[in-house]
Amino acid sequence: MRRHRPRRIALDLRGLIGRDDVFRLSVGVKRDPAVDIWLTDGPVELRSLAQKWFVQMRQCGDDVRELMHDGCPVACVEDAPFGYVNSFTNHVNVGFFYGAMLEDPAGLLEGSGKRMRHVKLSPGREFNAAALSDLVDAAYVDIRARLDARRSSQKE
């Protein structure tokens, strides 16, 4: 017997289609003790990589907030995330929530999602630290611009 499949209905959530919404997370704080605990756990080689790049995210500006989301440290401006670090068995990812929109002349970014990209770092493996530093800074500037544009469009 053939099962009847429900008809698919395209959702048009008034005003959202075609709109560049900003992903939001709540409860970010200037310095989250849970993040510090996470950054001091795990093998020292991986921990030092994760610490270095998350500290750079923290230092992007006075408006950076942090929190734990999906088990890893996330850096935000206000409540909008721009970067994260995550540790795996043999590598660390330095990720960007809008990485697909960032210029990456060094070709460091990996991933195929609609928005997110990451850079995979392994202990002892060479990588372009200056280019990664530029990506962290660009991700911070990008999220600030997105928030400013959103505020401007809401005033109109």
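**Notebook: a cavity and a helix pair**

I started with the largest cavity, whose volume is about 30 Å³. My grid had 1 Å spacing over protein atoms alone, and a cavity is a set of points where a 1.4 Å probe fits but cannot get out. Volume here is the space filled by probe spheres set on the points, which are joined across faces, edges and corners. The model is predicted: local features need pLDDT of at least 70, side-chain atom pairs count only at pLDDT 80 or more, and totals for chains, interfaces and linings use all residues. Residues are numbered from 1 along each chain as its sequence is written, and side-chain values use heavy atoms, without hydrogens and water.

Next I looked up the lining (an atom within 4 Å of a point). I found Phe 82, Phe 96, Phe 97, Tyr 98, Gly 99, Leu 102, Ala 139, Asp 142 and Ile 143 there. Helix α3 gives the most, three residues.

Then I turned to α3 (residues 129-155) and its packing with α2 (residues 44-58): the angle is about 40 degrees and the axes are 9 Å apart. Axes are lines fitted to C-alpha atoms over the stretch in contact, with angles from 0 to 180 degrees between N-to-C directions.

Last, I checked contacts (heavy atoms within 4.5 Å). Trp 53, Gln 56 and Met 57 in α2 meet Ala 129, Leu 132, Ser 133, Val 136 and Asp 137 in α3.

How values were computed:
Helix = DSSP H or I, 4+ residues; strand = E, 2+ residues; numbered from the N terminus. 1 Å grid on protein atoms, 1.4 Å probe; cavity = no way out; pocket = protein on both sides within 12 Å on 5 of 7 lines; lining within 4 Å.
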